[in-house]
Amino acid sequence: MSGEPGRFPRPEGGAGFATRYNRWRYNLYAPVYDRVVAAFFAPRRRRAIALLAPRPDERILLLGAGTGLDLDYLLGCRRLTAIDVSDGMLARLHRRAARLGLEVEASVMDGQRLAFPDACFDAVILHLILAVIPDPVACLREVERVLKPGGRVVVFDKFLADHQRPVWWRAAANQLTRIIATDINRQLGVIVSPTTLHIEHDESAGMGGFFRIVLLRK
Ligand SMILES: C[S@@+](CC[C@H](N)C(=O)[O-])C[C@H]1O[C@@H](n2cnc3c(N)ncnc32)[C@H](O)[C@@H]1O
């Protein structure tokens, strides 16, 4: 992607059907999202952000930020940016940020086509987005582009192990889960290998390693 001034990717408009569908369904889920996921994922969020170890003056991007459940663990951070395709989710993030006394620059944006210049973020948080976004490789390539050299990415999500093929029932279940919630058969290695990011740390975050917390570095 070009680093020339004024040549950043277009933020919206060209979004495909899958991205428009995500916007539609997350606008629908927004009023109940926190009640469904907040408690179950809270310890994993805390652990993932502790691993990222953000410093107060670092510029941090929350990509697919949702309702901002990660903000509870970013209280000392002064340069937070959040993007999401769903304005319904971001409206809740705005309210949470105000409650927590945090300043967050939030905008509706496609995580596969970030409207930011090259090398402008110190760290990126990818929580429960790589298994949801239609093209996770495009997303991670954009993350790679906007990260400063040496920048970190923390991923918390569900993956199929790189050496596995999905058993028949898992492949069948995925036809439903990817429409209503999330893809359950994406492989981290397949998503990371087209980039220059390297895996610095990878740990199980529950359900026999189905959930993982991973730290990547540029
Ligand atoms: C499962 S939620 C995770 C939200 C938040 N990161 C969290 O941990 O609670 C997935 C989020 O990704 C957003 N999303 C889906 N497709 C996207 C895209 N192409 N660009 C940016 N955000 C997207 C959805 O609107 C939703 O808020």
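Helices (H or I, at least four residues) and strands (E, at least two) are DSSP runs, numbered from the N terminus.

Before going on, note that this is a predicted model, in which local features need pLDDT of at least 70 and side-chain atom pairs count only at pLDDT 80 or more, while totals for chains, interfaces and linings use all residues. Residues are numbered from 1 along each chain as its sequence is written, and side-chain values use heavy atoms, leaving out hydrogens and water.

**Around α3.** Now show the whole helix, residues 136-146: 9 of its 11 residues are buried, so α3 is largely enclosed by the rest of the structure. What covers those buried residues?

**Over to Glu203.** Next, pick strand β6 (residues 198-204) and find Glu203 in it. Is Glu203 buried or exposed? At 18% relative accessibility, Glu203 counts as buried. Leaving aside residues up to four places away in sequence, Glu203 touches Arg47, Phe211, Arg212 and Ile213.

**The annotated span.** Select residues 63-155, which the UniProt record (an unreviewed entry) annotates as "domain: Methyltransferase type"; such annotations may be inferred rather than shown by experiment. This span is 27% helix and 30% strand, and its end C-alpha atoms lie 11 Å apart.

**Zoom out.** Switch to a cartoon of the whole protein chain and you get 5 helices and 7 strands. Going from the N terminus, they run α-β-β-α-β-β-α-β-α-α-β-β. The radius of gyration is 16 Å, close to the 17 Å from the globule rule for 218 residues, so the chain is as compact as a globular protein of that length; the radius is taken over C-alpha atoms, and the rule is 2.2 Å times the number of residues to the power 0.38. Along its principal axes, the C-alpha trace spans about 45 × 35 × 35 Å. Of the 218 residues, 51% count as buried. Among contacts with a separation of 6 or more, 72% come from residues 24 or more positions apart.

How values were computed:
Buried means under 20% relative accessible area, exposed over 50%, partly exposed in between (1.4 Å probe, protein chains only). Contact means heavy atoms within 4.5 Å.
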